[in-house]
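I opened this notebook page to keep track of what I looked up in the model, one topic at a time. Each entry begins with what I wanted to know and ends with what I found.

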Amino acid sequence: MTRKEQKEERRKAILMTALTLFVERGYYDTRIADIAAAVPMSTGLMFHYFESKEELLLELVKMGAASTKSAECPEGVPADIFLSGFLKQLFSFAKEQPWVFNMFVLMSRARRNGMPEEARKVALSVDSIASTAELIRKGQGTGAFHEGDAELMSRCFWASVQGIMEEMSMNKDMPAPDADWIVAMLR
């Protein structure tokens, strides 16, 4: 492994360790020294990778924002079938890559007042509500989803997904729910 590859591996280890600690202990209750000890490395060496805890948080939130792409429903695919398939893939991927559960938790927390403002702005820039509301409207037009305020329905859909992801981040043995259960609240 080259020196550059080693440095990148260490950087990833710092990020994943920080993500876990920020979720388990909370951002403000996690010290840089805690992250360094858990990696393990010296606190001084850690500052060669990230200048501050705020920079570490911002990098994690940017990663979360980049990986939260609005999935577009392909033409001709019913909205309910698409959402069910999307959730099945999300839950499956998260089970294979448990950091995804923690990223959901962190992104939710980063949106709250009192978090470092730059990270908060990045977290708030992620908007799955509008694209999902449009998809719900499409499903309402075909009769796949019941009538109602599509934006509110989208918020409830994502609140359910968020809650599931948070539960699964705390309980690693929890099986993923059937995606159709969540989509059923829209039908």
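**Entry 1, overall layout.** I note at the outset that this is a predicted model. I looked up the secondary structure and found 10 helices and 0 strands in the protein, so that reading from the N terminus the order of elements is α-α-α-α-α-α-α-α-α-α. For the extent of the protein I took the box along the principal axes, which the C-alpha atoms fill at roughly 60 × 35 × 30 Å. Of the 187 residues, 43% count as buried. I also checked how far along the chain the contacts reach: among those between residues at least 6 apart in sequence, 66% join residues at least 24 apart.

**Entry 2, α4 and its neighbours.** Two packed helices are described by the angle between their axes and the distance between the axes, and I looked up both values for each pair. At what angle do α1 and α4 pack? Helix α1, residues 3-25, and α4 pack at about 90° with their axes 10 Å apart, and the two are therefore roughly perpendicular to each other. On the α1 side I listed Arg 11, Ile 14, Leu 15, Met 16, Ala 18, Leu 19 and Phe 22, which meet Lys 53, Leu 56, Leu 57, Glu 59, Leu 60 and Met 63 of α4. Sorted by class, the residues of this contact are 10 nonpolar, no polar and 3 charged.

I then turned to α4, residues 53-67, with α7, residues 117-124, where the axes come within 9 Å and cross at roughly 5°. An angle under 35 degrees counts as roughly parallel, and α4 and α7 are therefore roughly parallel to each other. Here α4 contributes Leu 57, Leu 58, Val 61, Lys 62 and Ala 65, while α7 contributes Glu 118, Ala 119, Val 122 and Ala 123. I recorded 7 nonpolar, no polar and 2 charged residues for the contact of α4 with α7.

The next pair I looked up was α5 with helix α6, residues 99-110, which pack at an angle of about 110° with their axes 6 Å apart. That makes α5 roughly perpendicular to α6. The residues that meet are Leu 90, Phe 93, Ala 94 and Lys 95 in α5 and Val 100, Phe 101 and Phe 104 in α6, and by class I have 6 nonpolar, no polar and 1 charged.

In one of them, Tyr 27 with Tyr 28, the ring centres lie 4.8 Å apart and the planes stand at 80°, so I wrote the pair down as edge-to-face. Tyr 27 is buried at a relative accessible area of 5%, whereas Tyr 28 is exposed at 52%. Phe 82 and Phe 86 form a stacked pair, with 6.3 Å from centre to centre and 25° between the planes. Both lie in helix α5, residues 79-96, and are 4 residues apart, about one turn of the helix. Phe 82 counts as buried, at 14% relative accessibility. I also noted that ring pairs link Phe 82, Phe 86, Phe 157 and Trp 158 into a cluster.

I looked for lysines over tyrosine rings and noted Lys 53 over the face of Tyr 27, at 4.4 Å from the ring centre. The charged end of Lys 7 sits over the ring of Tyr 49, 5.9 Å from its centre.

Most peptide bonds are trans. The bond joining Val 39 and Pro 40 is cis, with omega about -5°, and Pro 40 lies in the loop between α2 (32-38) and α3 (43-49).

Is Ser 128 buried or exposed? Ser 128, which has its place in helix α8, residues 128-142, is buried with a relative accessible area of 16%. Leaving out residues up to four places away in sequence, Ser 128 touches Thr 68, Ser 154 and Trp 158. Met 170, in helix α9, residues 150-170, counts as exposed at 63% relative accessibility. Lastly I took the separation of the C-alpha atoms of Met 170 and Phe 86, which are 84 residues apart along the chain, and found 22 Å.

Key: Residues numbered from 1 in each chain as written. Predicted model: local features only at pLDDT ≥ 70, side-chain atom pairs only at ≥ 80, totals over all residues. Heavy atoms only, no water. Axes fitted to C-alpha atoms, helices over the stretch in contact; angles between N-to-C directions. Parallel < 35°, antiparallel > 145°, perpendicular 65-115°, else oblique. Contact = heavy atoms within 4.5 Å. Nonpolar A, V, L, I, M, F, W, Y, C, P; charged D, E, K, R; others polar. Phe/Tyr/Trp six-rings, centres within 6.5 Å; stacked < 30°, edge-to-face > 60°. Buried < 20%, exposed > 50% of the residue type's maximum accessible area, 1.4 Å probe, protein only. Lys NZ or Arg CZ within 6 Å of the ring centre and 35° of its normal.
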